[in-house]
Amino acid sequence: MELMVPVKDGELWAHDSGEPGGASGSGADAPPLVLLHPGVADSRVWDGILPRLAQERRVIRYDARGYGRSPAPTAAFSLVEDLTAVLDHFDVARALLVGSSMGGTTAIGLALADPGRVAGLALLVPGITGNPDFLMEEFTAEVGRLARAGDMDGIAALVKRTSAAAGTGDDAEVQSLIEAVIPSWFAVHPHQVPDPPAFGRLGELDVPCVLALGEQDDPEVVRCNEEMAARIPGCRLVRLRDSDHFPTLREPDAVVDIIREAYAAAR
């Protein structure tokens, strides 16, 4: 089921797979999976693994404001508040949050702000707020320079070099995803209110967690992910040898296994 979900001063495109018929562990009391996409792609990044997940669990995914099929924001908003609004709309009391990059930042933010709503975390190359050593200053400065020059192709090439190093040839699917989200960044930036710093609070997380990093990702992201996993109590770190910042495209089978593991450990 596809629909537009109302959020404060806006709306989001969302998809709810519904309960899988007769699947083991399904039912109204089983927490659904909620998939949170990265900033380098919209929710289409889950397309390749969604059918397998939906055979086993109820799966909800949505496009953040300004991404994919969700309208651009017109007022201040918070990613964590929007996630809460989506859960409320679908009457989800607790969920297993699967967050990739930006989506991982949002998942951690909710787990700290309202831990009772989070049954577990599956974090894929996650971002984080509040880490003074993880500012990606060179990348941000270069994006700004290219934007001022009107060079959108240059921005796409930069993202591919830094975040998609595992690709070969034209890498058409990644190229399409990146090109689609670049306008989103500029539409969203003036309105997005950063969620509270989380890096210094990772030790407070009290939910089962699996964190997967891509060994071919940007080295700064790899270092940050290693430190995050070390700070989260009981977190299992998984190293995806053939992945960059697009693990669902590079190693989909491994990602499905990680999500299943996180679900099995969920509370």
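Ser100 counts as buried because its relative accessibility is 3%, where buried means under 20% relative accessible area, exposed means over 50% and partly exposed lies in between, with a 1.4 Å probe and protein chains only. Ser100 belongs to strand S5, residues 95-100; strands (E, at least two residues) and helices (H or I, at least four) are DSSP runs numbered from the N terminus. Once neighbours within four places in sequence are set aside, Ser100 is in contact with Leu36, His37, Pro38, Trp46, Leu124 and Val125, contact being heavy atoms within 4.5 Å.

Ser101 lies in the loop between S5 and helix H3 (102-113), and its phi is near 55 degrees, a positive value in a residue other than glycine. With a relative accessibility of 12%, Ser101 also counts as buried.

## Basis of the model

This is a predicted model, in which local features need pLDDT of at least 70 and side-chain atom pairs count only at pLDDT 80 or more, while totals for chains, interfaces and linings use all residues. Residues are numbered from 1 along each chain as its sequence is written, and side-chain values use heavy atoms, with hydrogens and water left out.

## Strand S4 and its partners

Strand S4 (residues 59-62) is covered on both faces, with Val59 and Arg61 buried on one side and Ile60 and Tyr62 buried on the other. Strand S2 (residues 10-16) pairs with S4 in the antiparallel sense over 3 bridges, where pairing requires that DSSP finds at least two bridges between the strands. Tyr62 of S4 is the bridge partner of Ala14.

Strand S3 (residues 33-36) pairs with S4 in the parallel sense over 4 bridges, and Val59 of S4 is the bridge partner of Leu33. From S3 the chain passes through helix H1 (residues 50-56) to S4 in a right-handed β-α-β crossover, which is to say that, with the strands pointing away from the viewer, the path from the first strand over the helix to the second runs clockwise.

## Asp171

Asp171 is found in the loop between helix H5 (152-163) and helix H6 (172-188). Its phi is near 50 degrees, a positive value in a residue other than glycine, and Asp171 is buried, with a relative accessible area of 15%.

## Helix H9

Helix H9 (residues 252-265) has 14 residues, and from its first C-alpha to its last it reaches 20 Å, close to the 20 Å expected at 1.5 Å a residue, the expected span being 1.5 Å times one less than the number of residues. Val255, Val256, Ile258, Ile259, Ala262 and Tyr263 are buried in H9. Seen down the axis, the buried residues of H9 fall within an arc of 160 degrees, so they line one face of the helix; the arc is that of the directions from the helix axis to the C-beta atoms.
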